Amino acid sequence: MPPEAPRTEPRHAAAPPLTLSPEIAEALDAGAPVVALESTLLAHGLPRPDNRAAADDVEAAVRAGGAVPATIAVLDGVPHVGLTAEQVDRVCADPDLAKLGVRDLPVAAALGLSGATTVSSTALLAEAAGIALFATGGLGGVHRQSAETFDESADLTALSRTSLAVVCAGVKSILDVPATLERLESLSVTVVGYRTRTFPGFYVADGGAQLDWSVESPEQAAAVLAARRELAPGAVVVANPLPADEQLDPALHDRVIADALAAAETAGVRGKAVTPFVLDHLHRASEGATLAVNVRLVLRNAELAGRIAAALAAAAR
Ligand code: PSU
Ligand code: MN
């Protein structure tokens, strides 16, 4: 008999070490609906101190939809799925908290660092925990000058590998929305509109692009996710537009976004600082109008994600 072959394959961490809160551990054990929430939106997308109340409101919206909220962040090197009030305080109060995409997670783990998780890293950690739904505001995507800068969010490739549904109001309208949709197609990420075939534009209802598919109910969205999970790894993006009477005035939208992008250029902002810089500029230039709309759309997405999670759990019973 030949000697046993030496094990030369690298060991891939299929399951990163996670700490589940008692409520999330119990819910997942019981097959109860759970919705993951990211923390970069809190730490870097919304200004302090308003972000703290928004964190509670988003969790409450998930519960109103019929699911348990699991806000995700890395604290002292350990990814936490489901945070205590004190842990949410930390995420919302610390001005120096890191912004962690997937590639930053091993550094945080090895060095014991803390940070907020983006869509990419939240999706990875949520999937590892066994969570099927994720709610956010707007996905990251292809930036408008990407032909020169190569700036494309790691959110897109992460969603090509993670099997969950992400409820969002499209991609942030500071981006090149049509190019982002093209990349989502290349990456075979499933995209459906929620009761619309018009791709939403984050602060505005119409992002200026059409979708091939829509779903009409949480049950249909859950069925698409279930079918996607049987097919191949990869996410289902459920694009949930703001109603027209709740959107940002489109004229104000176009003006403040042009100003904010010009300000980022002038200030020479690069890399992962771009999105927080532009969002902050918008909140100031619109005198809080973009902030109010941003919080509103996140709440709507959280509630819809709760409903889809509940429909998915009910279908599995
Ligand atoms: N949605 C929001 N506000 C945000 C973000 C999303 O309403 O701040 C964050 C998400 O965490 C997303 C990140 O993953 O912006 C994208 O950052 P970048 O463009 O650097 O990839
Ligand atoms: Mn970027």
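Which residues have the most contacts inside the largest nonpolar core? They are V35, L133, L159, F199, V238 and L282, in a core of 89 residues. A nonpolar core here is a set of buried Ala, Val, Leu, Ile, Met, Phe, Trp, Tyr and Cys residues joined through side-chain atoms within 4.5 Å. Buried means under 20% relative accessible area, exposed means over 50%, and partly exposed is in between, with a 1.4 Å probe and protein chains only.

Ground rules before I go on. This is a predicted model: local features need pLDDT of at least 70, side-chain atom pairs count only at pLDDT 80 or more, and totals for chains, interfaces and linings use all residues. Residues are numbered from 1 along each chain as its sequence is written, chains are lettered from A and ligands numbered from 1 in the order in which they are written, and side-chain values use heavy atoms, with hydrogens and water left out.

Helices (H or I, at least four residues) and strands (E, at least two) are DSSP runs, numbered from the N terminus. Domain 1 (1-131) and domain 2 (136-317) both contribute residues, so the core lies between them. Apart from this core lies another one, of eleven residues, with A73, L83, V91 and L97 among them. As background, nonpolar side chains in soluble globular proteins tend to be buried together.

Take V238 as an example. Leave aside its neighbours within four places in sequence, and V238 is in contact with V166, V167, C168, V192, Y194, A221, L304 and I308. Contact means heavy atoms within 4.5 Å.

Now the domains. The assignment gives domain 1 (1-131) and domain 2 (136-317). Those bounds come from an automatic or database domain assignment. The C-alpha centres of the two domains lie 20 Å apart. Across the boundary, 31 residues of domain 1 are in contact with 30 residues of domain 2.

Next, the open space. What is the volume of the largest pocket? About 670 Å³. The grid has 1 Å spacing over the protein atoms alone; a cavity is a set of points where a 1.4 Å probe fits but cannot get out, a pocket is an open set with protein on both sides within 12 Å along at least five of seven lines, and lining residues have an atom within 4 Å of a point. Points are joined across faces, edges and corners, and a volume is the space filled by probe spheres set on the points.

The pocket lining has 34 residues, and K99, T118, S153, D155 and K272 lie nearest the centre. Helix α2 has the largest share, four residues. By class, the lining has nine nonpolar, 16 polar and nine charged residues. Ala, Val, Leu, Ile, Met, Phe, Trp, Tyr, Cys and Pro count as nonpolar, Asp, Glu, Lys and Arg as charged, and the others, Gly among them, as polar.

Helix α6 (119-129) is one of the elements that supply at least two residues of that lining. T122 is found in α6. Is T122 buried or exposed? T122 is buried, at 0% relative accessible area. Beyond its neighbours within four places in sequence, T122 is in contact with A36, L37, E38, I72, T117 and F134.

A search of the whole structure finds one cavity of 30 Å³ or more. The largest cavity has a volume of about 70 Å³. Its lining includes L37, E38, L41, L42, T136 and V298. Helix α3 (50-65) is one of the elements with at least two residues there, and α3 has the largest share, three residues. The lining has seven nonpolar, two polar and two charged residues.

Last, the backbone. Most residues other than glycine have a negative phi, and most peptide bonds are trans. Where is the cis peptide bond? It joins R48 and P49, with omega about -5 degrees. P49 sits in the loop between α2 and α3.

Two positive phi values to check. Phi of F150 is near 60 degrees, and F150 lies in the loop between α7 (146-149) and α8. F150 is exposed, at 74%. Phi of E287 is near 55 degrees, and E287 is in the loop between α12 and α13. E287 is exposed too, at 76% relative accessibility.
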